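Please keep the sequence and the coordinates in view while reading.

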Amino acid sequence: MQLDESLIRNVVAAVLSEVGPMPAGSNTPLSRHVPPGAGHNGIFTDVNEAVAAARAAHLQLRARSMEDRKKVIDIIRRISIDQCEELGLMEMRETGIGRPEHKIEKLRTLGMLSPGTEFLQTKAFSGDHGLAVIERSPFGVIAAITPVTHSLPTITGNAVSMIAGGNSVVVNPHPSGKKVAAEGVRRFNKAIAAEVGIDNLICVLAEPTLETADALFSHRDVALICVTGGPAVGRAALRSGKRAIVAGPGNPPVVVDETADLDNAARCIIQGAAYDNNLLCIAEKEVFVVESVFDDMMAAMRRAGAVQLDASQIAKLTSQAITQVGDDKHDAAAKDFIGKDAAVLARAAGVNVPESCELVFGETDEHHPFVTVEQMMPFLPFVRARDVGHAIAMAKEYEHGFRHTAIIHSRNVRNMTTMGRELDTTLYVKNGPCMAALGLGGEGYLSFSIAGPTGEGVTSPDTFTRERRCSMVDELRVV
């Protein structure tokens with residue numbers, strides 16, 4: 001899909017005209033009393049100014065009705081759905097990774113399915129000594145880190161849940177997705193200010209750096225941190241001294257046993273592993289198949305449309321798509337191949353496949369870097385296992401203890417139970433694609449922030465609220 005260069009230029013011009021020059025005094029101490037309307041449709045270059053504006057917006061939202069929160073959320077939903085094509089293609093153009101149709105679909109789907117105020121439930125206890133009511137209360141200003149893999153979609157889903165809880169948010173986006181993040185936030189705020197009268201509920205740092213992230217984490221008026229990204233930024237958030245909700249890395253394994261419906265398994269594996277060129281943190285990354293059905297499983301993958309590479313082709317691809325980094329020279333995915341189309345990977349392997357090909361795959365041993373590394377590209381390694389116990393053991397080892405996501409294809413309930421207990425992952429899918437765990441083809445609700453390391457799981461409005469208890473002693477119990 002070709003992108004309209006004039007569209008990109010017009011959007012950039014619109015951002016500049018709407019935002020205008022940033023005010024002087026960006027290095028002055030924080031003012032805790034920013035008057036309403038003093039912001040810039042959520043776009044800032046200074047952390048102090050962004051937090052002050054977000055705090056002012058939170059205080060305005062706190063004074064408004066729950067119906068007004070719903071109006072704000074409905075605006076975000078409407079823009080995400082109605083403008084998903086323009087914004088999705090903008091993200092594709094900026095980041096250069098993934099698939100255009102999936103960039104569009106993610107925005108539309110998050111606009112439709114992100115959980116809102118309906119998730120906030122009031123609890124009550126009554127007895128001989130009166131009545132206690134437990135309600136969900138906002139934290140205030142939330143600092144959020146978002147990834148390049150889903151820049152504006154993550155902001156969209158988080159904003160819906162955070163604002164549903166009564167909060168405002170300041171986003172430090174990944175630098176490679178900062179332009180679409182700023183444009184999406186600008187559109188959200190402009191419409192919210194016009195229709196509800198509150199600006200800067202969602203703020204974004206237009207020039208994000210590690211320093212701006214650190215400044216957000218340590219800011220006195222930031223009450224909560226939400227990180228969706230790699231392990232380093234997650235560790236930094238946990239060292240901040242504030243409560244942090246951390247969505248960490250994953251390397252989701254798949255087990256296929258001898259009882260599985262192989263054709264269904266192949267379709268599901270391709271659907272999940274190929275989606276947005278394997279950028280999803282929940283996506284199938286390596287497959288362990290019991291020996292007795294291994295060759296049949298490979299045939300099922302070919303029937304379902306994936307292209308198989310042989311050993312020499314895999315070796316050629318690996319030499320280019322896997323690199324060594326760090327002082328210890330450990331394996332890592334090469335940046336030039338992350339999120340690229342299967343046809344690009346195939347060419348690197350010396351094979352020409354149709355541009356429509358979604359996934360390439362092949363047999364490797366368990367120590368292959370495509371098994372051990374969260375590669376985020378549409379090549380899927382398949383490893384032979386002696387039996388289901390061996391497959392589960394390898395799945396546990398190469399999930400690396402992230403406790404993120406695991407998948408099994410089986411008709412044997414005992415095997416499903418054993419794997420679920422052994423891997424102890426936040427998401428566990430049986431006989432479906434990975435996205436079924438997020439309510440897409442399965443039951444549940446949708447969020448792109450899956451907090452495994454800190455235990456909140458798939459985030460929702462409840463995640464971004466505090467519990468408050470109000471007690472009336474010896475009165476108001478009327479039964």
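Glycine 166, which follows helix H6, has a positive phi near 95°. This is a predicted model, in which local features need pLDDT of at least 70 and side-chain atom pairs count only at pLDDT 80 or more, while totals for chains, interfaces and linings use all residues. Residues are numbered from 1 along each chain as its sequence is written, and side-chain values use heavy atoms, with hydrogens and water left out.

Helices (H or I, at least four residues) and strands (E, at least two) are DSSP runs, numbered from the N terminus. H6 covers residues 151-164, and its 14 residues reach 20 Å from the first C-alpha to the last, close to the 20 Å expected at 1.5 Å a residue. The expected span is 1.5 Å times one less than the number of residues in the helix. H6 is mostly covered, with 14 of its 14 residues buried; buried means under 20% relative accessible area, exposed over 50%, and partly exposed in between (1.4 Å probe, protein chains only).

Helix H7 (residues 178-195) has 18 residues, which should span 26 Å at 1.5 Å a residue; its end C-alpha atoms are 26 Å apart, so the two values agree. Of these 18 residues, 13 are buried. Just after H7, glycine 197 takes a positive phi of about 90°.

H6 and H7 both belong to the surroundings of helix H3: the buried residues of H3 pack against helix H2 (47-62), helix H4 (84-95), helix H5 (100-113), H6, H7 and strand S6 (202-205). Contact here means heavy atoms within 4.5 Å. The buried positions of H3 include Asp68, Arg69, Val72, Ile73, Ile75, Ile76, Ile79 and Ser80. An α-helix has 3.6 residues a turn, so residues three or four places apart point the same way. The 17 residues of H3 (residues 66-82) should span 24 Å at 1.5 Å a residue, and the end C-alpha atoms are 24 Å apart, which agrees.

Positive phi values also occur at residues other than glycine. Most residues other than glycine have a negative phi. Arginine 403, although not a glycine, has a positive phi of about 55°. It lies in the loop between helix H15 (388-398) and strand S16 (405-409) and is partly exposed, with a relative accessible area of 45%. Leucine 476, also not a glycine, has a positive phi of about 70°. This leucine is found in the segment after S20, and it counts as exposed because its relative accessibility is 56%.

Is threonine 463 buried or exposed? Threonine 463 is buried, since its relative accessible area is 8%. It is found in the loop between strand S19 (457-458) and strand S20 (465-473). Not counting residues up to four places away in sequence, threonine 463 touches Arg243, Ile245 and Glu456.

Turning to the whole protein, there are 16 helices and 20 strands, and 56% of the 479 residues count as buried. A compact globule with 479 residues would have a radius of gyration near 23 Å, and the protein agrees with this at 24 Å. The radius is taken over C-alpha atoms, and the globule rule is 2.2 Å times the number of residues to the power 0.38. Along its principal axes the C-alpha trace spans about 65 × 65 × 45 Å. Among contacts between residues at least 6 apart in sequence, 73% join residues at least 24 apart.
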